[in-house]
Amino acid sequence: MEDIDFNSQTRKKSRRGEIWRRMKKNRIAMVGLFIFSAILLLTISADLITPYDKAITGSLADRLTPPSSSHWFGTDNYGRDIFARILHASRRSLVMGIGAVLVGITLGGLLGACAGYYGGRVDSVIMRIIDTVICIPFMLLVLAIVAALGPGLVNVLIALMISMIPTYTRVIRSAILTVVGQDYIEAAKSCGTPNRWIILKHVLPNAIGPIIVQATMTVGTMIIWAASTSFLGMGIQPPEPEWGAMLAESKDYMLTAPYMVMFPGFAIALTALSLNLMGDGLRDALDPRLKD
Amino acid sequence: MPPDDSSARPLLETVGLKKYFKAGGGMLHAVDDVSLSVREGETLGIVGESGCGKSTLGRVVLRLIDSSGGEVLYRGENILTYSGRRMKDIRREMQIIFQDPFSSLDPRMTVFDTISEPLVVNGCGGGKAALAERILTLMNTVGLAESYINTYPHEMDGGRRQRVGIARALALNPKFIVCDEPVSALDVSIQAQILNLLMDLQEKFGLSYMFITHDLSVVKHISTEIAVMYLGQCVERAPSEELFKNPLHPYTKALLAAIPVPKLVQRKRSVIRGEVSDPIDPPLGCRFSPRCDFSKEGCVGENIPLAGGTHAVACRLYT
């Protein structure tokens, strides 16, 4: 009796530990996790490293200076320190990128899961609405929503979330369709398992792979889209720093001051890369079939 | 319960059960007017070739698929009219074992999770320790070593996976189990093990099986009674031994002739010619008649009922 209890105890405890253990084995994923943690740490402690003032004010005498010991990443066309700007921009950019993906994928996932699992009329209704929305070009939809809500960080975020829902719904629905036909779903139904339980315990865990990949892939894209709205004057208002907006501002100086483009671009790329590496690792770690 | 009582009224009975699917501008008659019965503690073998509707029949009986007509009587009550809650209660008594042990187990669940699911979902898991004990008992019952409790399906071979599937089906102490080709995906040596296990369990727990298979040599081993299906209809039904000794329907004869016999002398076999005809909106009459050597005028135009006592056949040669 004692050892039976012990058996189930260890099993329950080890579930999360097991995933972490497998993730740790994946060196590339750990590199991703390290980079992302570093980015997160810098973001949180931005105020301690350089004051926010440095990011939004600069002297025109210092404009467009290349990287040096006083300005690590150089200065932009207004003489603002690019390093400080990137550091402080990370808050907005990360919130934009990750927030839009998280909310979009949760809502899209719910819709996609219902459409894929229930099929029939539910599927038809959800997917026809999604098809209608997806017909509208992405940027147009974002702009329309921002125009309706008014410019600003939060409104852009809301617009991006809403606009991404159709894409996620489609990806997740198709991931779910590959699982729904399996016998173990029918087995669960045959013993009276409620649909809610089946979706959460069987369908989603088995369809998680493409969902994670899609999520991590789109974080970078979201930052760029947020930048596009800023570029069109709908998103973040200058002089507030934001990676995508910085990229957009610096395009005129690309040939004379390439560091202006390079550093914000690098920041976006690094964030997206670290999330992708982490996502791949997590997907593999969650799949018991790929144990070793 | 007294044995004469259980033999008087079947545990499960289908009356004119129908399942049509919408397909290609018509209705695909997967199960068409099938009336069968399974008595308590006995096994009804359902035999037929691929696509004859035998798996659909098993799923309609369990209400995993909605029927298009007819009745499924469990202990004399039509469960097709049951509400969600009553159906959930009855589901405990009716379970299914699947053909493919590779797709019937969730690849992300351990043996423990898989077997515990029906117990937890139906709220009869009890405490942690009680649940673990129940699962170990079940694993023991199906001949699965305790050391497998935390393994994932991909770490086991087909036979062990099928044992997990059987343990899951047994978890709620069912009375009736649909076995949907439970051995056809397994090696021959393991087939025998699983069949023996199923028969042992039947004896031990007084289970009733609806045993679906395309392999006559398998049903001969396990069935009390056998029903032969062709294109959604039951064409012959007889006690197992009787069917093998004295097959009546030309299709049954051909099926029996297809069982390989290790003999040096060549046998004279009745070989079925042609292809299975279209199951979408089939014409009235015997569906086997286009391929039958004995087909005559009365075979088409009107449906031929399954007639006869214990050995019933739907064929113009006998009516």
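Q: What makes up the accessible surface of chain A, and how much of that surface belongs to carbon and sulfur atoms?
A: In this predicted model, the accessible surface of chain A comes to about 14,200 Å², and carbon and sulfur atoms account for 69% of that area.

Q: What share of the residues of chain A count as buried, and what does the word require?
A: A residue is called buried when its relative accessible area is under 20%, and 48% of the 292 residues of chain A count as buried.

Q: Which kinds of element does chain A have, and how many of each?
A: Chain A has 12 helices and 0 strands, and from the N terminus on its elements run α-α-α-α-α-α-α-α-α-α-α-α. The C-alpha trace of chain A spans about 75 × 50 × 25 Å along its principal axes.

Q: How do you know what share of the contacts in chain A join residues at least 24 apart in sequence?
A: A contact here means heavy atoms within 4.5 Å, and among the contacts in chain A between residues at least 6 apart in sequence, 71% join residues at least 24 apart.

Q: How many positive and negative side chains does chain A have, and how far apart do the centres of the two sets lie?
A: Chain A has 27 positive and 21 negative side chains, and the centres of these two sets lie 5 Å apart.

Q: How do you know whether C299(B) is in a disulfide or in none?
A: Two cysteine sulfur atoms must lie within 2.5 Å to count as a disulfide, whereas the cysteine sulfur nearest to that of C299(B), which belongs to C286(B), is 5.8 Å away, and therefore C299(B) is in no disulfide by the cut-off of 2.5 Å. Over all chains, the structure holds 0 disulfides.

Q: Why is C299(B) called buried rather than exposed?
A: The relative accessibility of C299(B) is 8%, and because buried means under 20%, C299(B) counts as buried.

Q: What keeps C315(B) from a bond with the closest cysteine sulfur?
A: The closest cysteine sulfur, in C292(B), is 6.1 Å from the sulfur of C315(B), which is too far for a bond, since the cut-off is 2.5 Å. C315(B) is also buried, with a relative accessible area of 7%.

Q: Why is one side of strand 6 and of strand 11 of chain B left without a neighbour in the sheet?
A: In chain B, 7 strands form an open sheet in the order 6-7-8-3-9-10-11, with mixed pairing. Strand 6 (94-97) and strand 11 (312-313) of chain B stand at the edges and each has a single partner strand, so one side of each is left without a neighbour in the sheet.

Q: How do you know that strand 6 and strand 7 of chain B pair?
A: Two strands pair if there are at least two bridges between them, and strand 6 and strand 7 (residues 176-180) of chain B pair in the parallel sense over 4 bridges. In this pairing, I96(B) stands opposite V178(B) of strand 7.

Q: Why is E181(B) called buried, whereas D281(B) is called partly exposed?
A: E181(B) has a relative accessible area of 6%, which is under 20%, and therefore counts as buried. D281(B) has a relative accessibility of 42%, which falls between 20% and 50%, so D281(B) counts as partly exposed. E181(B) lies in the loop between strand 7 and helix 7 (188-205) of chain B, and D281(B) lies in the loop between helix 10 (250-257) and strand 11 of chain B.

How values were computed. Residues numbered from 1 in each chain as written. Chains lettered and ligands numbered in written order. Predicted model: local features only at pLDDT ≥ 70, side-chain atom pairs only at ≥ 80, totals over all residues. Heavy atoms only, no water. Helix = DSSP H or I, 4+ residues; strand = E, 2+ residues; numbered from the N terminus. Buried < 20%, exposed > 50% of the residue type's maximum accessible area, 1.4 Å probe, protein only. Areas by Shrake-Rupley, 256 points an atom, 1.4 Å probe, with all protein chains shown as cover. Lys, Arg positive; Asp, Glu negative; His and termini not counted. Charge placed at Lys NZ, Arg CZ, Asp CG, Glu CD.
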